[in-house]
4 protein chains.
Amino acid sequence: MIIIMEPKASEAQVQRVIEFLKSNGFEIRFNRGEVHTVIDALGDKTTVTPGRIAAFDGVKEVKVIREPFRLASRDLKSEDTVIEFSNGVKIGGNNKPVAMVGPCSIEEDYDGLLKVAYAAKEMGCQFLRGGAFKPRTSPYDFQGYGEKALKYMRNAADETGLLTVSEVMDASDLDLMCDYIDVLQIGARNVQNFKLLHAVGKCNKPVILKRGLASTIREFLLAAEHIMYNGNHNVILCERGIRSFDSAFTRNVMDIASIPVIKKYSHLPIIVDPSHGTGQRYLIEPMAKAGLIVGADGVMIEVHHDPENALSDGKQSLPIPMFKEVMGRINELTDRLHYEKECLSANVVKEI
Amino acid sequence: MIIIMEPKASEAQVQRVIEFLKSNGFEIRFNRGEVHTVIDALGDKTTVTPGRIAAFDGVKEVKVIREPFRLASRDLKSEDTVIEFSNGVKIGGNNKPVAMVGPCSIEEDYDGLLKVAYAAKEMGCQFLRGGAFKPRTSPYDFQGYGEKALKYMRNAADETGLLTVSEVMDASDLDLMCDYIDVLQIGARNVQNFKLLHAVGKCNKPVILKRGLASTIREFLLAAEHIMYNGNHNVILCERGIRSFDSAFTRNVMDIASIPVIKKYSHLPIIVDPSHGTGQRYLIEPMAKAGLIVGADGVMIEVHHDPENALSDGKQSLPIPMFKEVMGRINELTDRLHYEKECLSANVVKEI
Amino acid sequence: MIIIMEPKASEAQVQRVIEFLKSNGFEIRFNRGEVHTVIDALGDKTTVTPGRIAAFDGVKEVKVIREPFRLASRDLKSEDTVIEFSNGVKIGGNNKPVAMVGPCSIEEDYDGLLKVAYAAKEMGCQFLRGGAFKPRTSPYDFQGYGEKALKYMRNAADETGLLTVSEVMDASDLDLMCDYIDVLQIGARNVQNFKLLHAVGKCNKPVILKRGLASTIREFLLAAEHIMYNGNHNVILCERGIRSFDSAFTRNVMDIASIPVIKKYSHLPIIVDPSHGTGQRYLIEPMAKAGLIVGADGVMIEVHHDPENALSDGKQSLPIPMFKEVMGRINELTDRLHYEKECLSANVVKEI
Amino acid sequence: MIIIMEPKASEAQVQRVIEFLKSNGFEIRFNRGEVHTVIDALGDKTTVTPGRIAAFDGVKEVKVIREPFRLASRDLKSEDTVIEFSNGVKIGGNNKPVAMVGPCSIEEDYDGLLKVAYAAKEMGCQFLRGGAFKPRTSPYDFQGYGEKALKYMRNAADETGLLTVSEVMDASDLDLMCDYIDVLQIGARNVQNFKLLHAVGKCNKPVILKRGLASTIREFLLAAEHIMYNGNHNVILCERGIRSFDSAFTRNVMDIASIPVIKKYSHLPIIVDPSHGTGQRYLIEPMAKAGLIVGADGVMIEVHHDPENALSDGKQSLPIPMFKEVMGRINELTDRLHYEKECLSANVVKEI
């Protein structure tokens with residue numbers, strides 16, 4: 001921790017900071033610069049947070065040297081986390097990127113869902129995704145079919161040999177969801193719903209954590225840290241676009257560079273969601289590829305058997321025939337990248 | 001609802017959209033422009049959401065004419081909402097702006113809290129605010145003292161004749177909180193935690209809803225709508241800064257203009273929180289005044305009896321002597337504005 | 001300058017950085033932390049920029065302690081800059097805030113302009129503002145009347161006893177403009193047009209520098225530094241809104257807090273432009289007041305004699321009768337603030 | 001153009017708008033909705049800009065249906081623009097993506113520059129890029145060597161058989177630059193320096209136009225329109241990152257999706273600059289690939305013979321050996337994409 005004092009900080013103010021740090025077990029070195037006094041404090045930052053030091057009179061800024069996430073960091077665990085499912089599917093490390101596909105919301109037409117599941121299976125995808133509990137900006141929008149949707153998903157996944165992914169919105173739904181769902185998803189709007197993070201942290205299901213619309217990369221990894229700190233280390237990050245000043249052509253701006261950044265600083269797997277990231281059907285293929293070529297461990301894509309009658313997100317869902325074409329081309333890319341991946345990920349580390 | 005078709009949309013695509021809208025009870029008028037075909041659809045948008053229409057092939061964009069919030073809108077209720085407490089304190093309308101002050105977190109030093117409460121009362125403030133359950137970006141930061149903190153707050157408030165405000169982070173804490181707290185606060189990170197919004201919507205306590213770091217004004221009002229739609233119309237909005245590209249000097253950018261904008265479109269009261277909005281002690285006074293002069297119905301200010309030893313947010317808390325000076329000057333302003341307010345709010349409407 | 005090395009930086013990499021800094025006259029102190037090595041370098045950063053150090057292998061981050069602006073900084077000049085005109089008008093310091101009003105563009109109707117100028121004079125304003133050369137996002141929009149507009153402005157200002165403000169878009173127009181204009185304006189889009197900054201830096205006219213849509217406060221002050229470094233110290237900053245994720249209700253987000261921030265770190269005067277900052281007529285009055293109450297040295301407001309026929313920015317221009325009402329209320333506020341200002345600005349410094 | 005009236009707009013206000021539009025040759029259709037009156041106006045928007053209509057009392061919002069760029073739009077010219085140089089190099093359409101490499105600034109070490117140029121040629125690159133006139137945020141940073149740098153570049157390019165790219169900062173430098181430079185670059189900070197756009201619009205050299213830090217896609221294409229409107233249709237767009245709320249790990253956020261968006265709406269070629277887009281050496285390879293796989297027509301990469309001694313941007317420059325490795329892998333990708341491109345670009349259009 002580095003403490004930069006105000007230019008006009010008094011000697012007494014400097015001494016108060018130093019004494020407080022020393023009394024909390026920090027080793028202190030300090031330099032009087034031409035303008036600013038700078039204090040280096042070496043010690044355990046979990047006992048004294050930077051905010052506490054910032055509150056002292058005369059302190060201009062506190063700079064933390066070490067990244068605040070620990071369990072999610074490569075400093076603590078250098079090898080990639082790989083999550084393995086009972087059917088042998090693996091996410092992360094040098095495994096071939098996975099694909100999670102399905103409708104935004106699970107609807108009443110079970111046959112439609114089954115068509116999507118069969119198409120997913122046919123194209124080599126491993127996961128059926130869909131919403132049972134839907135977070136909606138407006139209370140007048142469709143909020144999901146709840147348990148019925150979960151049953152539909154489980155049946156369609158079992159019939160086709162897929163795993164299931166669905167969003168959990170509240171800790172009180174967790175028990176119910178765990179009966180049907182293989183991977184729990186935390187949505188972008190709940191990325192700092194810490195009660196929910198703690199609850200899934202105590203769960204034994206893998207968790208997909210979506211980046212919030214305004215999450216910095218650091219905050220995103222700290223949200224993962226909340227889950228891991230509560231015991232669940234099987235966290236899969238998901239880049240799905242952040243909010244920017246331009247939403248005329250795409251709903252969000254996909255921060256594709258965040259994928260190699262996170263790969264450098266964290267061992268957790270990360271997937272990419274071009275459907276929510278762009279909100280545009282025609283951008284799903286290029287942006288899925290962009291995510292994969294920079295190292296994503298999987299893609300999440302919205303597919304609907306009849307997008308024009310979808311109850312949510314039809315605009316960004318692929319109809320089944322287009323999905324098959326797109327997924328075929330994505331598979332060509334992932335097949336090739338899979339062979340290259342081991343050297344590529346090695347390079348990323350070397351190039352630092 | 002206006003539907004703008006792609007330049008190359010076929011006649012069949014146009015007809016499919018029109019027929020779908022007609023079959024859902026919309027009245028249709030449409031114009032073939034030089035480049036784009038535009039369809040005007042008049043009818044009840046709660047039955048067919050814009051997203052459904054956007055999913056049709058050939059649709060470029062769907063433009064909703066009417067704001068999506070209803071209960072929160074002045075269209076439905078033109079006069080200001082005024083929230084009245086059992087001790088006669090009122091928020092909103094032409095009432096004098098209120099002040100909510102207290103530490104970021106309630107800590108173990110009850111006497112310190114009491115000092116703050118007495119100072120608040122002395123300066124004419126109506127509410128003691130403080131955190132019992134703290135949302136923290138890092139799991140290694142202090143998370144609040146829970147029920148003990150609630151008890152301390154209630155006692156300090158009762159001893160001094162104040163009302164209490166505290167943040168609720170989870171629906172499962174609501175019963176406990178309602179035993180101690182007069183106004184429930186929803187934090188910025190939970191502004192789209194819809195389960196929580198629904199839960200406080202079923203509660204009979206007034207709710208302060210903080211704007212999310214990336215909430216548009218429309219989404220902010222829709223979050224209020226979620227609460228109101230579930231039955232609780234006593235919602236107090238709170239502008240507390242949004243995320244921008246510059247956080248070197250202030251933690252967030254306070255969107256002061258959002259206050260008169262919201263006053264124009266909604267009847268709900270809105271307060272301003274310069275402590276979180278700026279993260280800087282020296283900006284609390286000017287930004288509180290900026291919020292009040294544009295029409296805010298109150299201020300929320302962090303005050304601590306010993307900021308250098310605060311467990312959270314000390315940097316942005318006022319120590320008691322400075323608080324008294326600042327609050328004195330704020331009171332001078334609110335006294336004056338109170339007299340002017342009736343004509344001012346009348347002007348805002350006239351000037352549209 | 002503080003240099004934070006990567007966790008895996010080798011001893012050789014650390015030594016290369018240290019030797020380079022020493023050979024450039026820096027005094028070095030360095031600390032080996034648990035994870036990171038941190039190097040403090042004391043010396044003249046104008047000889048070695050942080051970017052050069054950042055390029056060394058093993059360097060994670062370079063943190064500059066001292067703000068990069070010098071001439072614009074209060075460190076170098078603690079008292080407020082006051083700009084005085086030949087007719088006795090003063091901007092900055094404890095002088096009463098000024099008002100600059102006029103149409104977005106100077107148009108062909110000279111009588112209309114004269115009406116605005118007389119209204120401005122009547123309401124105690126000191127400056128007539130208007131565009132002769134207009135920066136326009138689209139090439140199909142009106143680009144200004146050039147020299148004819150400058151002549152109209154000069155005549156209208158001379159007839160009414162006002163000073164003139166107009167935007168310069170290109171160094172080659174400077175000589176022409178200086179014949180007619182008392183204060184040169186640099187528009188938001190040119191805030192980092194360094195050739196233009198250098199050209200006005202060599203001019204002897206005061207310059208209004210508008211904050212760019214994506215300028216951080218630091219970059220904004222560095223743009224002023226470019227002008228000052230070239231010799232012209234009469235720079236008036238102007239907050240006019242920054243770009244955010246929400247432009248549904250206001251064109252930009254006004255960063256009102258930037259005004260007291262800049263007052264703390266710089267001695268330069270700063271004014272506020274609510275017309276461009278919000279793009280909404282009904283927000284001009286509240287946002288002008290918000291800027292003034294936090295310490296702005298003036299306001300810039302668009303006024304048009306017939307906004308419905310204005311060639312640009314009619315939406316955000318006040319018609320003359322409404323301007324008189326609004327300006328009357330703004331004058332009441334500035335009169336009062338003028339008396340309070342000396343103590344207020346003293347407080348801002350004390351409260352740091 | 002669609003005009004949405006305020007809910008409380010009077011009949012007289014509606015009629016004033018309609019009459020004004022009719023008198024300007026627009027055909028009018030209007031619908032009275034439950035809440036809002038909506039006016040559709042069909043006609044030539046170059047005679048009446050939306051801003052003029054927005055200024056009428058009672059108008060809530062003006063929505064332009066047709067994109068405001070014309071010459072840059074695929075509506076006007078559906079086939080891709082291809083720019084061909086005298087040595088046969090081509091940019092755009094189905095041609096193999098090009099590479100522009102070189103140091104941020106041209107420095108005094110000519111041999112160093114020549115090493116970069118030979119490496120570029122060896123790796124199949126077509127352009128040598130480098131700065132002679134440098135826009136710098138601080139006046140204390142290195143500003144470029146001017147004409148000497150241009151001469152160095154020309155010589156190194158001629159010796160190795162490359163074309164030259166360099167940034168023009170001022171119209172007055174254009175004649176000088178045209179003597180040495182094959183492609184003029186407009187920097188991100190000058191994207192709305194309209195005088196400069198007009199000047200290069202009258203030039204017969206191709207222009208690379210970099211997206212501004214806060215440019216929307218629409219504004220970016222309108223900036224290109226300014227150049228084209230003045231006669232120069234050889235515009236190459238360049239995505240180089242936009243400003244976001246997170247700059248801790250990358251200088252900017254690269255908006256990779258903007259590439260396929262622009263490909264859909266415009267016929268102009270677009271390249272990608274991962275050096276400025278990320279500011280991080282280790283992200284150049286992945287982000288160059290991300291840009292190429294979504295359809296970019298080229299990459300621009302900073303390469304320096306000795307980054308630790310570079311006068312600017314060393315941190316984001318590749319040293320020559322690393323450049324060769326990275327460029328080798330990029331070439332493998334572009335070779336493959338070149339074969340796929342024709343079908344890919346066909347798909348992008350089909351999928352709309």
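Predicted model: local features only at pLDDT ≥ 70, side-chain atom pairs only at ≥ 80, totals over all residues.
1. Residues are numbered from 1 along each chain as its sequence is written, while chains are lettered from A and ligands numbered from 1 in the order in which they are written.

2. Now the C–D interface. Taking contact to mean that C-beta atoms, placed from the backbone, lie within 7 Å, 37 residues of chain C are in contact with 37 residues of chain D. On the chain C side, the elements giving two or more residues are α2 (50–54), α6 (194–201) and α7 (217–229); helices are DSSP runs of H or I with at least four residues, strands are E runs of at least two, and both are numbered from the N terminus. The largest share, five residues, comes from α7(C).

3. What is that side of chain C made of? Its residues divide into 15 nonpolar, 11 polar and 11 charged. (Nonpolar covers Ala, Val, Leu, Ile, Met, Phe, Trp, Tyr, Cys and Pro; charged covers Asp, Glu, Lys and Arg; the others, Gly among them, are polar.) And 100% of the interface residues of chain C are also interface residues in chain D, so the copies meet through the same surface.

4. Over in chain B, have a look at B:Leu311, in the loop between β14 (298–304) and β15 (318–319). B:Leu311 is buried, with 22 other C-beta atoms within 10 Å; the cut-offs are 20 or more for buried, 12 or fewer for exposed, and partly exposed in between, with C-beta atoms placed from the backbone. Leaving aside neighbours within four places in sequence, B:Leu311 is in contact with B:Ser105, B:Glu107 and B:Phe142.

5. Helix α1 of chain B (residues 11–23) has 13 residues and should span 18 Å at 1.5 Å a residue, and its end C-alpha atoms are 18 Å apart, which agrees. The expected span is 1.5 Å times one less than the number of residues. Just after α1(B), B:Gly25 takes a positive phi of about 85°.

Technical notes:
Contact = placed C-beta atoms within 7 Å.
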